[in-house]
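Hi,

Here is the structure I promised to pass on. Have a look at it first, and then read my notes below.

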Amino acid sequence: MLTALSLSTVAGCDNGRGEALGRTRYDNCAPCHAADGSGNQSVGAPAIAGLPVWYVDAQRKKFREGGSGLHPDDIEGLKMRPMARTLLRDEEVQAVAAHVAKLPPLRPKTTLTGGDATRGKALYATCAACHGERASGAQDKGAPDLHRTGDWYLLAQLKKFKSGARGAAPGDATGAQMRPMAMTLANEQAMKDVIAYIKTLEP
């Protein structure tokens, strides 16, 4: 987590050096996540624009240090890890996180069909403990806002958590919390139902 001092330094409040570093180092992310952070479903890259500094910083560190992106079935994670490892210093990780957080948030298009929001409401009860009643996330639990990344991405990640492709690596504390929650969802239909309910919570 960034301290007030480190965030001030990263943001480059005095001379813009931190902002310039973030923009420059984000060039490695843009081919997949797009220059505006809108993502690219065809390569499995979610929208990241406007995600908070604390979350982007934590995910980058997981990929860089082996908490994510090592499982052979996590194809997208395997591609992401070497990109994260191009950020050699914490200062670079934090600068990119600050840049992403400043990108104007987007509302990804609905791509999934067949979900039942009424059934999903009951299933979401276990998710609300961390992600909140409105699915807006909670920093103290390491839980992101679920409205930013896209419904197709949520489905892909629920499948990964359920199978163990994500959330089973040593040191991934938040992933270890998420995995048993995903395992309560019996099948893809249940996952779609939860996601359909989450979509009803959008502001």
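This is a predicted model: local features need pLDDT of at least 70, side-chain atom pairs count only at pLDDT 80 or more; totals for chains, interfaces and linings use all residues.

Helix 4 (residues 53–65) and helix 6 (residues 90–102) have axes that come within 8 Å and cross at roughly 140°. Axes here are lines fitted to C-alpha atoms over the stretch in contact, with angles from 0 to 180 degrees between N-to-C directions, and helices are DSSP runs (H or I, at least four residues) numbered from the N terminus.

Residues are numbered from 1 along each chain as its sequence is written, and side-chain values use heavy atoms, with hydrogens and water left out.

Next, the largest nonpolar core: it has 19 residues (buried Ala, Val, Leu, Ile, Met, Phe, Trp, Tyr and Cys joined through side-chain atoms within 4.5 Å). Helix 11 gives the most to this core, with 6 residues. A second, separate core has 16 residues, including Tyr-26 and Leu-103.

Which helix holds His-131? His-131 sits in helix 8 and is buried, with a relative accessible area of 9% (buried is under 20%, with a 1.4 Å probe and protein chains only). A polar atom of the His-131 side chain lies 3.0 Å from the backbone oxygen of Pro-144.

Cheers

Notes. Buried means under 20% relative accessible area, exposed over 50%, partly exposed in between (1.4 Å probe, protein chains only). Helices (H or I, at least four residues) and strands (E, at least two) are DSSP runs, numbered from the N terminus. A polar contact is a pair of N or O atoms within 3.5 Å; within protein, one must be able to donate a hydrogen and the other to accept it, and residues adjacent in sequence count only if both atoms are side-chain atoms.
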